[in-house]
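Please consult the sequence and the coordinates alongside the text.

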Amino acid sequence: MIDKQTSDLLEVVSRVNEGDTVAIGGFGGAGSPNMLIDALIKNKNAKNLVIVTNNAGQKEEGIAALLKAGKVRKIICSFPRMKDSWVFEDLYRKGEIELELVPQGNMAERLRASGAGIGAFFTPTGYGTALAEGKETREIDGVNYVLEYPIRVDVALIKAAVADRYGNLTYKKTARNFGPVMAMAAKTTIAEVSEVVEAGQLDPECVVTPGIYVNVFIKV
Amino acid sequence: MNTEDRSMLAARIAGDIPEGAYVNLGIGMPTLVANHLGEGDKEVILHTENGVLGRWIDAPEGEQDPDLVNAGKVPIKLLPGAAIFHHADSFAMMRGGHLDICVLGAFQVACNGDLANWHTGDPDAIPAVGGAMDLAIGAKQTFVMMDHVDRDGRPKIVPQLTYPPTGLGCVTRIYTNYGTFETCSDGNKVRALFVNPAVSREEIVRSTAVEVDFSGI
């Protein structure tokens, strides 16, 4: 019988290894898998990580706590400069963290491409700007495009609302954000969910992330 | 710009947004446009980059949900008829040209429509781009909403950007406290579509670093 639910938070994050690229869902606090992040901080093997996430955390919670714990070598991010992002700011100014700044839509599409088996894609976003410097460009039908590559992800940590034992997921409102594309992109996807229902209780028409993209989930 | 001028500018932009338009309002001053979109029986659908189409209000006290926010991460309450989708779909909507209008703030706009609004170029600043570059090139029309001059009184409508660009040739219209202007793909000029009656043409000419063509009004 397939059952992707687990109850051991520390075991589940032990799937993150040194040097891994870890995609972490969330748009600010909305959809941030804080229980998984807190458990990841306790995982001694998780170091020299590359994290892929929209923001760089606030105060000393969630992603900011992960950065403060010295676990992260590099962050791939669209908007690290939020109010109260002092942990990131301090590390960045001291040269202790590498930043790859990516336009938000390019980040989403590079994750989607990774999960969808696309080798690279041409996007108009960023053409002629500092964030496209050194990248291949092409004019197609009179529009200028920049070549962007997928972001390969070892582990995704995401937050969803409801799961069944097959790992089918629904999300809550704007907590959905990057969850579905990160789940697609990662070799291993770990979800924290607020509710677990019997198989058949989720309307198949309303499943947002099908269980094929989810390896394991935990109710928090 | 004082609060009253901002509100008048927001109302002017809202008045130019047609019934049925799908519109993204950028973070900051452009969000004020929403306050004037509900006037009359005109229906406009808003888009927020973090995955909502519909209409919403700031969430009242007691109804705030940290999992329901707008692009500025402010808690919102959805009005009936909204749709929620993930980030790749949200940006496909922009990039794919499905949005009719996007309203953005700006540091500078060049008369050919080049936009600078993401970085001042200050080497000490923490760089952050968010959805600015996707928004700039995504909608069918990109409107800029800004002060006509910067804090030091220097023109923000310029022949060529001196700030780092966000997108090239993407701005179609510039709405300022002095008037409404159309960018031109050729020539060193903008075309005035509306002039604030409280501002003289001489003042506009003096405060704009390119030629202003008033022939259309």
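A polar contact is a pair of N or O atoms within 3.5 Å; within protein, one must be able to donate a hydrogen and the other to accept it, and residues adjacent in sequence count only if both atoms are side-chain atoms. This is a predicted model, in which local features need pLDDT of at least 70 and side-chain atom pairs count only at pLDDT 80 or more, while totals for chains, interfaces and linings use all residues. Residues are numbered from 1 along each chain as its sequence is written, chains are lettered from A and ligands numbered from 1 in the order in which they are written, and side-chain values use heavy atoms, with hydrogens and water left out.

Q: How many residue pairs are in polar contact across the interface of chain B and chain A?
A: The rule is applied across the interface with both residues at pLDDT 80 or more.

Q: Which element gives the largest share of the side of chain B that touches chain A?
A: Helices and strands here are DSSP runs (H or I, at least four residues, for helices; E, at least two, for strands), numbered from the N terminus. Two elements of chain B give two or more residues to this side, helix H2 (87–95) and helix H3 (132–138). The largest share, 4 residues, comes from H2(B).

Q: How do the residues of the side of chain B that touches chain A divide?
A: Ala, Val, Leu, Ile, Met, Phe, Trp, Tyr, Cys and Pro count as nonpolar, Asp, Glu, Lys and Arg as charged, and the others, Gly among them, as polar. On that basis the side of chain B comprises 18 nonpolar, 8 polar and 7 charged residues.

Q: What area do chain B and chain A bury between them?
A: Contact (heavy atoms within 4.5 Å) involves 33 residues from chain B and 45 residues from chain A. Asp67(B), Lys73(B) and Ile126(B) supply 23% of the area that chain B buries against chain A, more than any other three residues. Buried area is the accessible area (1.4 Å probe) that two parts lose on being put together, summed over both. Of this area 65% is on carbon and sulfur atoms, and the total is about 3,200 Å².

Q: Which residue of chain B forms a salt bridge with Lys172(A) at 3.1 Å?
A: A salt bridge is a side-chain nitrogen of Lys or Arg within 4 Å of a carboxyl oxygen of Asp or Glu, and the count between chain B and chain A is 3. Lys172(A) meets Asp67(B) in one such pair, with N to O at 3.8 Å. The pair at 3.1 Å joins Lys172(A) to Asp65(B).

Q: Is H2(B) largely enclosed or largely open?
A: Buried means under 20% relative accessible area, exposed over 50%, and partly exposed in between (1.4 Å probe, protein chains only). The buried residues of H2(B) include His87(B), Phe91(B), Met94(B) and Arg95(B). Because 7 of its 9 residues are buried, H2(B) is largely enclosed by the rest of the structure.

Q: Is Thr125(A) buried or exposed?
A: Thr125(A) lies in the loop between strand S6 (121–123) and strand S7 (137–140) of chain A. Residues that Thr125(A) touches include Pro103(A) and Asn106(A), and also Arg95(B) and Met133(B). Its relative accessible area is 1%, and Thr125(A) is therefore buried.

Q: How many residues are in the largest nonpolar core?
A: A nonpolar core is a set of buried Ala, Val, Leu, Ile, Met, Phe, Trp, Tyr and Cys residues joined through side-chain atoms within 4.5 Å. Ile24(A), Leu40(A) and Ile51(A) are among the residues that touch the most other members of the largest core. The number of residues in that core is 37.

Q: What is the relative accessibility of Lys74(A)?
A: Glu100(A) forms a salt bridge with Lys74(A), the closest N and O atoms being 3.1 Å apart. Glu100(A) is partly exposed, with a relative accessible area of 23%. Lys74(A) counts as buried, at a relative accessibility of 15%.

Q: What phi does Asp84(A) have?
A: Most residues other than glycine have a negative phi. Asp84(A), in the loop between S4 and helix H4 (86–93) of chain A, is partly exposed at 25% relative accessibility. Although Asp84(A) is not a glycine, its phi is positive, at about 70 degrees.

Key. Lists of a residue's contacts leave out its neighbours within four places in sequence.
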